[in-house]
Amino acid sequence: MKRSRINDIMAAADDLIRSHGFTLPPFAYWTPSEFKSQAQSARHVIDARCGWDITDYGAGDFDTMGLFLFTLRNGLLADLQRGGGMCYAEKLLISRQDQLSPMHTHVIKAEDIINRGGATLVIELYGSDDAGQFSEDKGGTVWIDGIQRDYTPGEKLKLAPGESVTLRPGDWHAFWGEGGDVLIGEVSTVNDDETDNIFREPIGRFANVEEDTDPTHLLVSDYANWLK
């Protein structure tokens with residue numbers, strides 16, 4: 001993705017988030033130079049990879065297959081492993097109309113996916129086989145607004161604003177906006193996007209960035225190079 005396109009997506013996402021009554025934290029608006037100057041005091045933000053995340057899954061067609069994310073808060077895997085401390089994470093996502101987030105599951109993370117506003121959020125579900133792999137023949141169990149229900153393989157849940165679903169490891173899911181763009185909330189156990197996204201197809205998690213202009217704000221995938 002071109003950096004100029006990423007900058008434009010950030011600006012449009014911020015407008016949409018504000019239109020729904022949410023405001024991102026102050027570090028969201030730091031310039032790269034401001035982030036560098038704050039790097040020592042913001043070490044947890046960096047280590048936990050909080051911040052902007054815009055992906056086309058390496059496929060080069062963001063409008064068709066892509067996702068906007070902003071990690072608001074996140075614990076560390078070490079806390080989760082010892083069973084104490086900051087064992088949770090929270091994100092805001094934007095799924096555009098008919099923009100696919102491809103089929104995947106998680107090994108560690110359980111997550112509540114919440115339609116915070118906008119159009120309908122469609123979530124396509126499949127279960128896992130005995131080895132934990134994607135199965136076209138297996139369904140599973142989810143919780144919709146805390147109410148347990150079984151799903152059949154390939155079932156498409158449709159969440160209106162205010163509705164949510166709880167997904168656990170082994171629930172394979174893809175999602176997109178129907179009828180318009182959707183602001184999504186995600187509340188989960190500690191989030192590790194580098195290792196805990198298992199895709200059905202062999203695709204990448206992060207975009208390949210073409211530096212045609214300076215970044216307005218850093219992506220989480222920029223931290224390793226910009227904030228050494």
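Helix α1 has 17 residues and spans 25 Å from its first C-alpha to its last, close to the 24 Å expected at 1.5 Å a residue, where the expected span of a helix is 1.5 Å times one less than its number of residues. Helices (H or I, at least four residues) and strands (E, at least two) are DSSP runs, numbered from the N terminus. The model is a predicted one, in which local features need pLDDT of at least 70 and side-chain atom pairs count only at pLDDT 80 or more, while totals for chains, interfaces and linings use all residues. Residues are numbered from 1 along each chain as its sequence is written, and side-chain values use heavy atoms, with hydrogens and water left out.

- The buried residues of α1 are R3, I6, N7, I9, M10, A13, D14, L16 and I17, with buried meaning under 20% relative accessible area, exposed over 50%, and partly exposed in between (1.4 Å probe, protein chains only).
- Among the elements that cover these buried residues of α1 are β1, β2, β3, β11 (172-189) and α5 (223-226).
- After α1 comes G21, whose phi is positive, near 85°.
- D14, which has its place in helix α1, touches L24 and Y29 when residues up to four places away in sequence are not counted; contact here means heavy atoms within 4.5 Å.

- Leaving aside neighbours within four places in sequence, F35 is in contact with W30, A42, V45, I46, L218, Y223 and L227.
- In soluble globular proteins, nonpolar side chains tend to be buried together.

**Salt bridges**

- A search of the whole structure finds 19 salt bridges, each defined as a side-chain nitrogen of Lys or Arg within 4 Å of a carboxyl oxygen of Asp or Glu.
- E211 and R3 form one of these salt bridges, with their closest N and O atoms 2.8 Å apart, and the pair links distant parts of the chain, since E211 lies in the loop between β12 (198-199) and α5 whereas R3 lies in helix α1, 208 residues apart.
- Within that pair, E211 is partly exposed at a relative accessible area of 47%, whereas R3 is buried at 0%.
- R18 forms a salt bridge with D14, the closest N and O atoms being 3.2 Å apart, and these two residues, four apart in helix α1, are separated by about one helical turn.
- R18 counts as partly exposed at 42% relative accessibility, while D14 is buried with a relative accessible area of 14%.
- E111 and K109 meet through their side chains in a salt bridge (3.5 Å, N to O); E111 counts as buried at 2% relative accessibility, and K109 is buried with a relative accessible area of 4%.
- A network of salt bridges links D53, K91, D193 and R205.
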